[in-house]
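Keep the viewer open and follow along.

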Amino acid sequence: MSIVIYIAVMALTTYLIRAIPFVAVRGKIKSRFFQSVLYYMPYAVLSAMTFPAIFYATGDILTSSAGTVVALLMAYFNLPLIAVALGSSAAAFLMDLIMNLIVGSW
């Protein structure tokens, strides 16, 4: 099959996913429940896709957990995103370094 057909099918699929809600829902959504569901949906989907991958990013659960804990603590204190990213990366790196020193000395 031609790559043009693949691209056309993906373009149509993407367009339909975005267009169907506009066609199906004509007026303003008045239900507070549905408004809150639609408001939090992107955050929930992003979390569901990202969070499991966090623990496999470094190849070791302990180093990934250390980075995650540091990232959550730094984010809780409203630090900038670049600081959170650098801090969590440094924590994962230091945990890996410490683990290699401990295992290497045995």
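Two residues are in contact here when heavy atoms of theirs lie within 4.5 Å. Keep in mind as you look that this is a predicted model.

With that cut-off in hand, find Ser 88, which sits in helix α4, the stretch covering residues 81–105. Setting aside its neighbours within four places in sequence, Ser 88 is in contact with Gly 67, Val 70 and Ala 71. Is Ser 88 buried or exposed? Its relative accessibility is 15%, so Ser 88 counts as buried, because buried means under 20% relative accessible area.

Now move to Thr 68, a residue of helix α3, which runs over residues 61–76. Which residues does Thr 68 touch, not counting those up to four places away in sequence? They are Phe 51, Ile 54 and Phe 55. Thr 68 has a relative accessibility of 9%, so this residue counts as buried too.

For a contrast, turn to helix α1, residues 3–24, where you will find Ile 7. The relative accessible area of Ile 7 is 54%, so this residue is exposed, the cut-off for exposed being over 50%. Ile 7 also belongs to a nonpolar patch on the surface, formed together with Met 1, Ile 3, Val 4, Ile 5, Tyr 6 and Val 9. Taken together, the residues of this patch have about 780 Å² of accessible area.

Next, zoom out to the protein chain. How many helices and strands are there in it? There are four helices and zero strands, and reading along the sequence gives the pattern α-α-α-α. The radius of gyration of the protein chain is 22 Å, well over the 13 Å that the globule rule gives for 106 residues, so the chain is more spread out than a compact globule.

The surface and contact totals round out the picture. Of the 106 residues in the protein chain, 12% are buried; Ser 88 and Thr 68 are among them. The protein chain exposes about 9100 Å², and carbon and sulfur atoms supply 76% of that area. Finally, consider the contacts in the protein chain with a separation of 6 or more: residues 24 or more positions apart account for 34% of them.

How values were computed
Residues are numbered from 1 along each chain as its sequence is written. This is a predicted model: local features need pLDDT of at least 70, side-chain atom pairs count only at pLDDT 80 or more; totals for chains, interfaces and linings use all residues. Side-chain values use heavy atoms; hydrogens and water are left out. Patches are made of residues with over 30% relative accessible area and no salt bridge: like charges are joined within 9 Å, nonpolar side chains (Val, Leu, Ile, Met, Phe, Trp, Tyr) within 5 Å. Accessible areas come from the Shrake-Rupley method with a 1.4 Å probe; for residues, only the protein chains shown count as cover. A salt bridge is a side-chain nitrogen of Lys or Arg within 4 Å of a carboxyl oxygen of Asp or Glu. Helices (H or I, at least four residues) and strands (E, at least two) are DSSP runs, numbered from the N terminus. Buried means under 20% relative accessible area, exposed over 50%, partly exposed in between (1.4 Å probe, protein chains only). The radius of gyration is taken over C-alpha atoms; the globule rule is 2.2 Å times the number of residues to the power 0.38.
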